[in-house]
Amino acid sequence: MEAYQIIILVCCAVLLGIFVLPAVNRFQFRRMPYDQQVLAIMKQAKGLVYFKNVSHGRSGSLFYVKNKRKILVYPWYLDENGRMVIDSPDPFEKWDYPEEHPPLDADEREQAQKELENYARSSHIKIVFARGEK
């Protein structure tokens with residue numbers, strides 16, 4: 001093989017790895033059933049606190065994973081100002097996973113609110129809570 005053929009093959013492999021495979025993975029993740037998405041997110045979780053945003057255009061879900069065992073799901077939509085509006089009356093009421101949906105105690109509730117505020121500060125999109133409007 002000549003040098004230009006090797007360069008073309010390497011470039012194709014790099015482009016495949018950077019663009020095509022991640023796009024296919026995102027597409028497959030969105031098509032998974034909800035419980036499989038939860039399990040995949042728990043496996044992806046790094047550290048004690050992990051956030052994963054799953055977008056479906058102008059709406060989606062923000063997953064908060066604590067200790068790779070408990071998950072809160074914040075459903076959201078984008079308003080006309082480009083803000084992420086969390087569309088839940090009380091998103092800190094009970095855990096979405098495990099299946100028994102245990103309620104959050106006062107310490108867990110406070111920590112979840114604090115972690116969401118920290119995530120909102122680091123995010124480039126402003127996060128607000130819905131107050132009955134949509």
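The following legends describe close-up views of a predicted model. Local features require pLDDT of at least 70 and side-chain atom pairs count only at pLDDT 80 or more, whereas totals for chains, interfaces and linings use all residues. Residues are numbered from 1 along each chain as its sequence is written, and side-chain values use heavy atoms, with hydrogens and water left out.

**View 1. The open five-stranded sheet.** The strands follow the order β1-β2-β3-β4-β5 in an open sheet with mixed pairing. Helices (H or I, at least four residues) and strands (E, at least two) are DSSP runs, numbered from the N terminus; two strands pair if DSSP finds at least two bridges between them. β1 and β5 (127-129) stand at the edges with a single partner strand each, so one side of each has no neighbour in the sheet. On average, neighbouring strands are turned by 30 degrees against each other, direction ignored. The axes behind this angle are lines fitted to C-alpha atoms, for helices over the stretch in contact, and angles run from 0 to 180 degrees between N-to-C directions.

**View 2. The β1-β2 hairpin.** Strand β1 (residues 49-55) and strand β2 (residues 59-66) run antiparallel and are joined by seven bridges. Valine 54 has serine 61 of β2 as its bridge partner. Three residues lie between the two strands of the hairpin, and glycine 57 in the turn has a positive phi of about 85 degrees.

View 3. Lysine 52 is located in strand β1. Lysine 52 counts as partly exposed because its relative accessibility is 22%; buried means under 20% relative accessible area, exposed over 50%, and partly exposed in between (1.4 Å probe, protein chains only). Lysine 52 lies over the face of phenylalanine 29, at 5.2 Å from the ring centre. A charge sits over a ring if NZ of Lys or CZ of Arg is within 6 Å of the ring centre and within 35 degrees of the ring normal. Neighbours within four places in sequence aside, lysine 52 is in contact (heavy atoms within 4.5 Å) with Phe29, Ile41, Gln44, Ser61, Leu62 and Phe63.

**View 4. Helix α2 and its cover.** The buried residues in helix α2 (residues 34-44) are Gln37, Val38, Ala40, Ile41 and Met42. What covers them includes α1 (3-31), β1, β2 and β3.

**View 5. The largest nonpolar core.** A nonpolar core is a set of buried Ala, Val, Leu, Ile, Met, Phe, Trp, Tyr and Cys residues joined through side-chain atoms within 4.5 Å. Of the 14 residues in the largest core, Leu62, Tyr64, Leu72, Tyr74, Ala112 and Leu116 touch the most other members. Two or more residues each come from β2, β3 (70-78), β4 (84-86) and α3 (106-122), and β3 gives the largest share, three residues. Alanine 112 touches Tyr64, Leu72, Tyr74, Phe92 and Leu104, not counting residues up to four places away in sequence. Apart from this core lies another, of 12 residues, among them Phe29, Ala45, Val54 and Ile71.

**View 6. Aromatic pairing around phenylalanine 51.** Five aromatic pairs are found in a search of the whole structure. Phenylalanine 51 and tyrosine 119 form a stacked pair, with 4.6 Å centre to centre and 20 degrees between the planes. Rings of Phe, Tyr and Trp (its six-membered ring) pair if their centres lie within 6.5 Å; planes under 30 degrees apart count as stacked, over 60 as edge-to-face and the rest as tilted. Phenylalanine 51 in strand β1 and tyrosine 119 in helix α3 are 68 residues apart, and their pair links distant parts of the chain. Phenylalanine 51 counts as buried because its relative accessibility is 16%. Ring pairs link Phe51, Tyr64, Trp95 and Tyr119 into a cluster.

**View 7. The parallel β4-β5 pairing.** β4 and β5 run parallel and are joined by three bridges. Methionine 84 stands opposite isoleucine 127 in β5. Valine 128 also lies in strand β5 and is buried, with a relative accessible area of 16%. Not counting residues up to four places away in sequence, valine 128 touches Arg83, Met84, Val85 and Ile86.

**View 8. Aspartate 79 in the β3-β4 loop.** Aspartate 79 is found in the loop between β3 and β4. Its relative accessibility is 7%, so aspartate 79 counts as buried. Aspartate 79 touches Arg58 and Val85, not counting residues up to four places away in sequence.
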